[in-house]
Amino acid sequence: MPVKDVLLPLVGEPSKAALVAIETCVAAAANLGAKITALAVEEDILVRPKVVISSDLDNAAEAHAVRSVTEVRELLNAFRAAASRLNVRTDGQLHKLAAEAIASAVAERARYSDLTLVPVKANDSRSEHLIEQLIFESGRPLLLCPEAQADKLRVEFENIMIAWDHSAPAARAVGDALPILQAAASVRIITVTDETTGDVMKRGAGLVDHLREHGVAASFETAGIGGSSIGKVLGSWAREHAIDAIVMGAYRHSRLNEIIWGGVTKTVIGEPPCWVMMSH
């Protein structure tokens, strides 16, 4: 099923990197031929300043709220300007929510979209919390856009890497990504392992055969771990081979296990090396 309806949550401060990421995400939606809905969310935070010139604390809090609304609207305005330039069908919504309710509200709205585009600040707890909520609560795939690289990312997904570990989340990710895989010029399936056993090769060949039935000519190979971590190997491999997007499953192991010991998903969402499409 083609990607026709995309969600873009807009949360946080309108930094230069965030504004560039918004334009890049809109361009990616345009390339997919999809409508994109921006969900701009203002955090409803009551701040009592330590020093208040005015004796009216309610007015001080109100002034802070107005300033916060203006910042979020700057993100929304940047989205609308980019959509207008690129002639993309859009919808824009502005909501005011308590900070602790934002991630769950975005995940609930994402259930009505084919794909959620998520601008990601590197190693940022708020970004990671939002992504994890989307992974476990939306039931839909998400596409991560690293803000730090947004000005360099290609929005045509011609060279795609599938991170294949034969898990159920990886299989789900491949199924969700089929429209993007079918449009790609090159699809390379990578299993990160130091053991190239018969089972490893058989599982890779099985995915190659499956994708061929869907009109996707993919190749399979392995990449050694070599004392590193799987997440870091995937990132290095993607950079070395000019990969536009990685398709991967999220949280093969329990989330608690990854939080305590680290893991592939935590590494990748902490600092995506390029576009990353994830499903669970």
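Visitor: How are H3 and H4 oriented to each other, and why?

Guide: The model is a predicted one. Helix H3 covers residues 102-110 and helix H4 covers residues 125-137; the two pack at an angle of about 40 degrees. Angles under 35 degrees count as roughly parallel and those from 65 to 115 as roughly perpendicular, and H3 and H4 are therefore oblique to each other. Their axes lie 9 Å apart, and H3 passes H4 in a right-handed crossing.

The contact itself can be followed residue by residue. From H3 come Ala 103, Ser 104, Val 106, Ala 107 and Ala 110, which meet His 129, Leu 130, Gln 133, Leu 134 and Glu 137 of H4. The residues of this contact comprise six nonpolar, three polar and one charged.

Strand S9 runs over residues 245-249, and five of its five residues are buried. Ala 245, Val 247 and Gly 249 point one way from the strand, while Ile 246 and Met 248 point the other way. S9 also has two strand partners to consider. With strand S6, residues 159-163, S9 pairs in the parallel sense over four bridges, and there Met 161 stands opposite Ile 246. With strand S10, residues 275-279, S9 pairs in the parallel sense over five bridges, and Gly 249 stands opposite Ser 279.

How values were computed:
Residues numbered from 1 in each chain as written. Predicted model: local features only at pLDDT ≥ 70, side-chain atom pairs only at ≥ 80, totals over all residues. Heavy atoms only, no water. Buried < 20%, exposed > 50% of the residue type's maximum accessible area, 1.4 Å probe, protein only. Pairing = 2+ DSSP bridges. Axes fitted to C-alpha atoms, helices over the stretch in contact; angles between N-to-C directions. Parallel < 35°, antiparallel > 145°, perpendicular 65-115°, else oblique. Left-handed = near helix turned anticlockwise from the far one by under 90°. Contact = heavy atoms within 4.5 Å. Nonpolar A, V, L, I, M, F, W, Y, C, P; charged D, E, K, R; others polar.
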